[in-house]
Amino acid sequence: MYGSSLTRAALLLASLSLTGSAALAASASPFAAMAGTWSGGGVLSTSDGQSEQLRCRASYDVAGRGDQLQLNLRGASQSYNFDLASEVEYRGGAISGSWSEASRNASGTLTGRAAGDHVEAAARGDNFSAHLSLTTRGGRQTVSIQPQGTNVTAVSLALNRR
C-alpha cells in the first residue's frame, strides 16, 4: 500500500528530525538549534523504480532544559498528504521518543544517538522499521531514510530554516 509506506517513511523522518543539530554537541542540548520552523523537499523512491517529489514543513518546539522536543510535521506529494506529531528526549548522547500519525492511526518508538552534527537512529512501529541518518549544519538539514518491509526503498530530504 503506497500511502501507508509513505506515511511510515514520513513518520520516521519527522521523528528523527527531532534529534536536532549536533552542532551544539558540546552544550547540554542538541535540540536548541532546531527550534522554529523549517521547510523543504526531497524525493521518495519505491521498489518499482518510481520516485515522487515531497514538500514538507516542520515546527520544532524545545522544552525543559532544552532536552525535550516536540515536532509537528506536514508533508505532501502529488498523491499523498500526512500530518505527524512526535516527542523526543535527549539524554547524554542518546535520543528516544515516540511518533504518531492520527489520520492513519500509526505510531511507534524512536531510539538512537546524537554526536557532533550527525544523528543515527532507528524507528519502529507495527509492521514497520527504518534506519535514519540526519545531519544539521547551520540553517540546513539533510535526512536519509531507509525503510524496511515496505515498497518505499528510500527517502531523501533537505530542509531549510525559515
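Is Tyr60 buried or exposed? Hold that thought for a second while I say what we're looking at.

This is a predicted model, so local features need pLDDT of at least 70, side-chain atom pairs count only at pLDDT 80 or more, and totals for chains, interfaces and linings use all residues. Residues are numbered from 1 along each chain as its sequence is written, and side-chain values use heavy atoms, with hydrogens and water left out.

Okay, Tyr60: buried, at 2% relative accessibility. By buried I mean under 20% relative accessible area, with exposed over 50% and partly exposed in between, using a 1.4 Å probe and protein chains only. Tyr60 has a partner, Trp38, and the two form an aromatic pair. Trp38 is buried too, with a relative accessible area of 0%. Searching the whole structure turns up 1 aromatic pair, and here it is: edge-to-face, 6.4 Å centre to centre, with 85 degrees between the planes of Trp38 and Tyr60. The cut-offs, for Phe, Tyr and the six-membered ring of Trp: centres within 6.5 Å, then planes under 30 degrees apart are stacked, over 60 edge-to-face, and the rest tilted. Trp38 sits in strand β1 (residues 36-46) and Tyr60 in strand β2 (residues 51-63), so the pair ties together parts 22 residues apart in sequence.

Zooming out, the chain has 1 helix and 10 strands, in the order α-β-β-β-β-β-β-β-β-β-β. Those are DSSP runs numbered from the N terminus: helices are H or I with at least four residues, strands E with at least two. Of the 162 residues, 48% count as buried.

Now, over to β7, residues 118-125. On one side, β7 pairs with β6 (residues 106-115) in the antiparallel sense over 8 bridges; pairing here takes at least two DSSP bridges between the strands. Within that, Thr111 has Ala122 in β7 as its bridge partner. Strand β8 (residues 128-137) also runs antiparallel to β7, joined by 8 bridges, and Gly125 stands opposite Phe128 in β8.

Last stop, Ser86, in strand β4 (residues 81-91). Ser86 counts as buried, at 4% relative accessibility. A polar atom of its side chain lies 2.8 Å from the backbone oxygen of Ser98.

Notes: A polar contact is a pair of N or O atoms within 3.5 Å; within protein, one must be able to donate a hydrogen and the other to accept it, and residues adjacent in sequence count only if both atoms are side-chain atoms.
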